[in-house]
Amino acid sequence: MHLGSNPRLLEQGKLPVFVFPTELVFYVDDKSSHKQVLTVYNPYDFTLKFKVLSTSPRKYVVVDAEGTIKQGCCIDIVIRHGDVQKSSIGGKDKFRLNIFEHGQKKVIGKKDIPAILLPSSSEIRPSPEREFSHTRHESRRRDSQSSDTFKSISRQKSGPSPVIVLAALCCILALMLPSEGENDSRLPEYVYLTVNQKLIAAYILGLVTMVILRT
């Protein structure tokens with residue numbers, strides 16, 4: 001039903017980590033942006049443990065920085081900016097999400113999520129290509145440095161429109177369907193999904209979750 005794992009990736013600590021969004025942007029003039037949500041997915045066939053670190057832990061509040069994600073499930077991590085001041089505009093921080101196999105201490109995957117504070121939501125952002133290039137370069141530069149302490153995570157849900165709820169349910173159903181290669185003669189062939197189809201469903205579910213949490 002779920003994605004398998006490559007033993008070599010586990011050993012090298014390079015297991016892919018699925019997170020949405022890949023960047024947090026806070027705006028001084030938009031209070032609703034002072035709370036951001038990270039959705040972390042576990043498409044694998046084993047339970048994951050996660051831990052959130054930050055380069056500036058005193059500036060942010062994350063409820064429950066550590067937790068577990070059951071196979072085929074996801075969790076929402078709420079991050080609040082606690083230092084929204086004009087003097088902090090333009091400051092760039094970073095969150096690191098470390099992933100462990102449940103019951104183990106070795107990091108098997110990690111993902112860095114940049115965070116920036118801008119003065120206004122009308123601020124022109126760099127093109128995705130330039131932003132990605134800059135983020136990747138800065139990620140490599142900071143990887144050689146030690147990270148600061150971790151801070152909090154929390155789940156929050158809200159009631160959106162029926163269309164959004166239906167889209168979320170469809171994605172969840174797709175993730176629950178069996179994957180190609182599994183043997184179950186009780187089910188017709190057309191209900192078996194490929195790994196790519198499940199990844200697409202997980203990504204769409206992340207988008208829908210963001211909409212739900214911001215309504």
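My entries go from the aromatic rings to the sheet and then to one lysine.

**Ground rules.** I am working from a predicted model, where local features need pLDDT of at least 70, side-chain atom pairs count only at pLDDT 80 or more, and totals for chains, interfaces and linings use all residues. I number residues from 1 along each chain as its sequence is written, and my side-chain values use heavy atoms, with hydrogens and water left out.

**Rings.** I looked for pairs among Phe, Tyr and Trp (its six-membered ring), with centres within 6.5 Å; planes under 30 degrees apart are stacked, over 60 edge-to-face, and the rest tilted. I got five aromatic pairs by this rule. Phe20 and Tyr203 are edge-to-face, because their ring centres are 5.8 Å apart and their planes stand at 85°. I placed Phe20 in strand S1 (residues 18-20) and Tyr203 in helix H4 (residues 195-214), so this pair links distant parts of the chain, 183 residues apart. My helices (H or I, at least four residues) and strands (E, at least two) are DSSP runs, numbered from the N terminus.

Next I checked burial (buried is under 20% relative accessible area, exposed over 50%, partly exposed in between; 1.4 Å probe, protein chains only). Phe20 is buried at 16%, whereas Tyr203 is partly exposed at 49%.

Then I turned to Tyr60 and Phe95, another edge-to-face pair, with 4.8 Å between centres and 70° between planes. Tyr60 sits in strand S5 (residues 60-62) and Phe95 in strand S8 (residues 92-101), 35 residues apart. Tyr60 is buried at 2% relative accessible area, and Phe95 is buried at 1%. I also noted a cluster of Phe18, Tyr44 and Phe46, linked by ring pairs.

**Sheet.** Which strands form the open sheet, and in what order? I read five, S2-S9-S8-S4-S6, with mixed pairing; two strands pair if DSSP finds at least two bridges between them. Strands S2 (24-27) and S6 (66-69) are the edges, each pairing on one side only. S8 and S9 are antiparallel over nine bridges, and I found Pro114 in S9 as the bridge partner of Lys94.

**Lys111.** I located Lys111 in strand S9 (residues 107-118), partly exposed at 29% relative accessibility. Leaving out residues up to four places away in sequence, Lys111 touches Val17, Val19, Phe95, Arg96 and Leu97 (contact means heavy atoms within 4.5 Å). Val19 is 92 residues from Lys111 in sequence, yet their C-alpha atoms are 7.9 Å apart.
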